[in-house]
Amino acid sequence: MPTGRRPKHEVRVAAAERADGLSAATVRRVVAAVLAGERAGPASVTVTCLSGQQMRALNRRALGRDHATDVIAFGMRHGGMLVGDVYVCPTAGARSAARFRVSRREELLRLVVHGTLHVLGQDHPADAARTDSAMWRRQEHYRARPAGSARAGGPSRHRPRAGS
């Protein structure tokens with residue numbers, strides 16, 4: 001790839017379930033901003049919103065966990081390109097938003113960022129230490145930025161969460 005050229009980031013959004021307050025254009029900008037910020041190189045990422053029932057079935061089939069969760073992501077390198085899928089459950093996101101007193105839009109953005117970081121191979125502990133992890137700090141960094149912006153936004157909220 002020639003110097004000075006930006007890597008191509010292809011981001012698709014599929015909606016089996018509606019994500020109120022979050023447009024497909026915003027999701028594409030957020031994913032592209034994370035990929036660029038993390039210097040992912042060429043990437044193709046699909047973000048799909050699923051109902052609670054669909055998310056439970058995916059979680060059971062893919063991870064052996066028989067419950068709905070807020071976000072599941074898969075990523076791999078193929079032919080020099082990062083290829084990934086992020087599955088978000090707006091219903092679970094809405095419950096988390098109410099529990100943590102943040103807007104549904106903010107929580108859905110957090111889940112999109114979280115899933116994108118997982119596609120990139122980042123991970124966090126499964127216990128309460130997750131909010132102190134490097135991945136969580138990266139997540140909150142991107143979540144606090146206006147969608148697709150290079151400027152830092154407001155303060156991040158580090159809080160314990162169930163789910164992903």
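Predicted model: local features only at pLDDT ≥ 70, side-chain atom pairs only at ≥ 80, totals over all residues.

Visitor: Is Leu 63 buried, exposed or partly exposed?
Guide: Leu 63 lies in helix α2. Its relative accessibility is 39%. Because that value falls between the cut-offs of 20% and 50%, Leu 63 counts as partly exposed.

Visitor: Which residues does Leu 63 contact, leaving aside its neighbours within four places in sequence?
Guide: Leu 63 belongs to α2, and α2 lies across β3 and β4. With those sequence neighbours set aside, the contacts of Leu 63 are Leu 58 and Ile 72.

Visitor: How far apart are the end C-alpha atoms of α2?
Guide: Helix α2 covers residues 52-63, which makes 12 residues. The expected span is 1.5 Å times one less than the number of residues, so α2 should span 16 Å. The model agrees, with the end C-alpha atoms apart by 16 Å.

Visitor: How wide is the arc that the buried residues of α2 cover around the axis?
Guide: The buried residues in α2 are Met 55, Leu 58 and Asn 59. They sit on the same side of α2, because the arc they cover around the axis is only 100 degrees.

Visitor: And which exposed residues are on the face of α2 turned away from its buried side?
Guide: What covers the buried residues includes β3 (71-78) and β4 (81-88). The face turned away from that buried side carries exposed residues, namely Gln 53 and Arg 61.

Visitor: Which strands stand at the edges of the sheet?
Guide: The sheet is open, with mixed pairing and four strands in the order β1-β2-β4-β3. An edge strand here has a single partner, so one of its sides is left without a neighbour in the sheet. The strands in that position are β1 and β3.

Visitor: Which residue in β4 stands opposite Ser 44?
Guide: Strand β2 spans residues 43-49 and pairs with β4 in the parallel sense, over seven bridges. The residue in β4 opposite Ser 44 is Val 83.

Visitor: One last stop: is Thr 26 buried or exposed?
Guide: Thr 26 is found in helix α1 (residues 24-37), and its side chain makes a polar contact with the side chain of Ser 23 at 2.9 Å. Its relative accessible area is 5%. Since the cut-off is under 20%, Thr 26 is buried.

Conventions
Residues numbered from 1 in each chain as written. Heavy atoms only, no water. Helix = DSSP H or I, 4+ residues; strand = E, 2+ residues; numbered from the N terminus. Buried < 20%, exposed > 50% of the residue type's maximum accessible area, 1.4 Å probe, protein only. Polar contact = N/O pair within 3.5 Å; in protein donor to acceptor, adjacent residues only side chain to side chain. Arc of directions from axis to C-beta. Contact = heavy atoms within 4.5 Å. Pairing = 2+ DSSP bridges. Axes fitted to C-alpha atoms, helices over the stretch in contact; angles between N-to-C directions.
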